[in-house]
Amino acid sequence: MVILVLVKPVPDPEKYNEIQIDPQTKRILRQDAAAVLDPASKCALEEALRIKSEVEAASGDARCEVIALSMAPQTNRDKILECLAMGADAGYLLSDPAFGGADTYATSYVLAEGAKAILAAEELDAFDLIIAGNESADGATSHVPVQVAEWLGLPHLARVCELQIQREGAEGQEGAGGTPVIAATKKTEEMLLTFRCEEPALVAVTRDINKPRHISAMGIVKARKKPLTIWTNDDLKLDEAKIGAAGSPTKAGELMTPDLSRGGRDLTEEDGSAADAAKAILALLRKEGLGA
Amino acid sequence: MDFRFTEEQELLRSAFADFAKEEIAPYAAKWDEEDYVPMGIVPKLGEMGIMGVFVPEEYGGAGLGHVERCMALEEVARYSAGLAMMVFTHHLGVAAILDYGTEEQKQKWLPGMCDGSCVCGLAVTEPGGGSDVAGLKTEAVLDGDTWTINGRKCFITNSHCAGVTVVTCKSGEDEKGRAIMTTIAIEKGTEGFAPGREENKLGLKGSFTGELVMNDVKVPVENTVGEIGKGMPITMKELGEVGRASMSAIELGILRGCLEDAVKFAKERILYGKPISKLQAIQFKIADIRCDYEAARLMTYNAAAMKDAGKVGAEFSMAKYFISEAAVRAARNLSEIMGGYGVVNEYAAGRYLRDAICCLPSCGTSEIQKMIIAGETLKKW
Ligand SMILES: Cc1cc2nc3c(=O)[nH]c(=O)nc-3n(C[C@H](O)[C@H](O)[C@H](O)COP(=O)(O)OP(=O)(O)OC[C@H]3O[C@@H](n4cnc5c(N)ncnc54)[C@H](O)[C@@H]3O)c2cc1C
């Protein structure tokens, strides 16, 4: 089994006050922002690693390879190393100035093409499963996972909070011959919905699906020996019109900072007693359509 | 010259920092308040690779060095210097076994010491005075292939939780009547060997400090760590290098706590309609803490890197001396920046100060460090 995990470096949420936005392009100046692995990406990787250990524990010679993939500037090589240290078997970073300035559409295109290139490089027919974080801590659009699935022609399910790989007809014939089925549960406001789908598919997981493991010193030492590949567009050879800013139909409109300040009004001064103030508050609430 | 950590070391630091933030930070104040030793976290420290960070992989460690070991101690001590004391003393005993132990000893003890199932200790100090190592009295007599050990150790970290303690004993006298020392590993549960009084310390709570009592303890000669009669250089080398670099790292963690808390408080505390960080008097204190912290950082990792490179020198003592004094200074500065809040136990300032003061004697007092530094300086310059 081979699982591809889409991971994204994002500006450190603890340092959001340091983030700069280019007023012209209206994009985050990522070079200056301290990056961390997106928390949802970590959940996606954790889920893949959990499945890996389950698959490998179920039968002695079963192998499950977890591959991490990201599109990001080269300075984020360490984020791929982090994935390897967490337990991924291989990592790929797609990095080229030509990929920069991409919206979700162009990003998902590059990731999908990267995924295809990995299949070719690793001599695989298909990934059995692709897992991504449902939304990143910075952009939070939730577009990329489903767009990648569309580019690759795969079924997809977003907002997944529980994931199982089941073997069809598992009763009595555990594993052998059974077609693996992905059982993915998503939370709606009213209920939990479980979808079942044959491999391969893409699922986008929410942050409540698991608690990612800590990276250990041993994990970091093991990561030294794992393959970490960086591809530029010289490797992928993608049409420049389809990537980066040129390939991005999204155009950012106005940038504005909403005024969230709350002004108070001292009603006791206006009307004297507390009882009068209470009446005045009630009148104001009614005016806003609240209260009977 | 490049003082940057490698990409791998940075990743390691952030891994240790994440762990400390999640598993230590929320509980540190409670451990301090209740003087509770959190033994439950030890297997987790093992899983993280912290217990055996510098032990080769073949014995279950992470196979890294002392720079990485000091990073782990700094991150643990950032939130709990007490817990870091437990880890550091464990490292001290582990280092003695790793550097001087037999292959059998390493195979027998190191895997458990790396995974956190066995805490280690190193016992030197006696009621007769820790500074006077040559005057220690715990006696080991070899009869055939069995040691018989009698004596009492005090101020021993991990006294009440160690599975194995490396004990420095007097095993004879030379022709001039000077003590000959031997280091011997004693396992918990050995007849006649038991922890005695547990100290109620000012700070560094969350780690055991106490007595070890030895009454006719019989230990096989195979438990001798290093050569018979070489206990003094072994003890001095481990205390002097691993010990002092570790204490520096722990005090560095305290310093970082002081710096982070000082900046946070100064920015948030409003006086005269603006944050006190705008007051020059407060800024000067913050500048002092920052300088102490940065100097401490360089000295700690320089000492650790020297250890990794197999170099010797008074730099270990310089680091221990400067940083232990700097940590006390910084904790006092923090406490003053915070005014009344600086002495309220709801905030960590008081704990940092108590912990910093408790670090002063460990692995040699400031006076002892200065004697070593002056000794080397007068010889070399
Ligand atoms: C929290 C904590 C944990 C510890 N853990 C351990 C442990 O795990 N294992 C272990 O073996 N020990 C441990 N110790 C003991 C520590 O190493 C000793 O406290 C230290 O060596 C000092 O010894 P002492 O306390 O007996 O003081 P003393 O040696 O009695 O010193 C008293 C005073 O005399 C000064 N002094 C001594 N000699 C000289 C001199 N020649 N010139 C000038 N001044 C001098 C000292 O600086 C000090 O001010 C620990 C101590 C503490 C506080």
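This is a predicted model: local features need pLDDT of at least 70, side-chain atom pairs count only at pLDDT 80 or more; totals for chains, interfaces and linings use all residues.
Leu290(A) is part of a nonpolar patch on the surface, together with Ile281(A), Leu282(A) and Leu285(A). The accessible area of these four residues together comes to about 350 Å².

Stepping back to chain A as a whole, two domains are assigned: domain 1 spans 2–236 and domain 2 spans 262–292. Their C-alpha centres are separated by 53 Å. A further feature of chain A concerns its backbone: the peptide bond between Glu199(A) and Pro200(A) is cis, with omega about 0 degrees. Pro200(A) sits in the loop that connects β9 (192–198) to β10 (201–205) of chain A.

Over all chains, the structure holds 41 salt bridges. One of the salt bridges pairs Glu14(A) with Lys21(B), and here the closest N and O atoms are 3.8 Å apart. Because Glu14(A) belongs to the loop between β2 (9–11) and β3 (35–37) of chain A, while Lys21(B) belongs to helix α1 (residues 7–23) of chain B, this pair joins two chains.

Attention now turns to the ligand and its surroundings. The ligand is surrounded by 21 residues, and the closest are Thr125(B), Gly130(B), Ser131(B), Thr365(B) and Glu367(B). By residue type, the shell consists of twelve nonpolar, eight polar and one charged. Domain 2 (122–230) and domain 3 (233–380) of chain B both contribute residues to this shell, so the ligand lies between them.

On the backbone side, a polar atom of Val124(B) is 2.8 Å from a ligand oxygen, and a polar backbone atom of Phe155(B) is 2.8 Å from a ligand nitrogen. Thr365(B) contributes through its side chain, where an N or O atom is 2.5 Å from an oxygen atom of the ligand. On its own the ligand has 960 Å² of accessible area, of which the protein covers 67%. Two or more residues of the shell come from each of these elements of chain B: α5 (81–100), β1 (120–123), β3 (146–157) and α11 (366–380).

Chain B also has a backbone detail to point out. Leu204(B) is a residue other than glycine, yet its phi is positive, with a value near 50 degrees. Leu204(B) is located in the loop between β6 (193–198) and β7 (209–220) of chain B.

Note on methods:
Residues are numbered from 1 along each chain as its sequence is written. Chains are lettered from A and ligands numbered from 1 in the order in which they are written. Side-chain values use heavy atoms; hydrogens and water are left out. A residue is near a molecule or strand if one of its heavy atoms lies within 4 Å of it. A polar contact is a pair of N or O atoms within 3.5 Å; within protein, one must be able to donate a hydrogen and the other to accept it, and residues adjacent in sequence count only if both atoms are side-chain atoms. Accessible areas come from the Shrake-Rupley method with a 1.4 Å probe; for residues, only the protein chains shown count as cover. Helices (H or I, at least four residues) and strands (E, at least two) are DSSP runs, numbered from the N terminus. Ala, Val, Leu, Ile, Met, Phe, Trp, Tyr, Cys and Pro count as nonpolar, Asp, Glu, Lys and Arg as charged, and the others, Gly among them, as polar. Domain bounds come from an automatic or database domain assignment. Patches are made of residues with over 30% relative accessible area and no salt bridge: like charges are joined within 9 Å, nonpolar side chains (Val, Leu, Ile, Met, Phe, Trp, Tyr) within 5 Å. A salt bridge is a side-chain nitrogen of Lys or Arg within 4 Å of a carboxyl oxygen of Asp or Glu.
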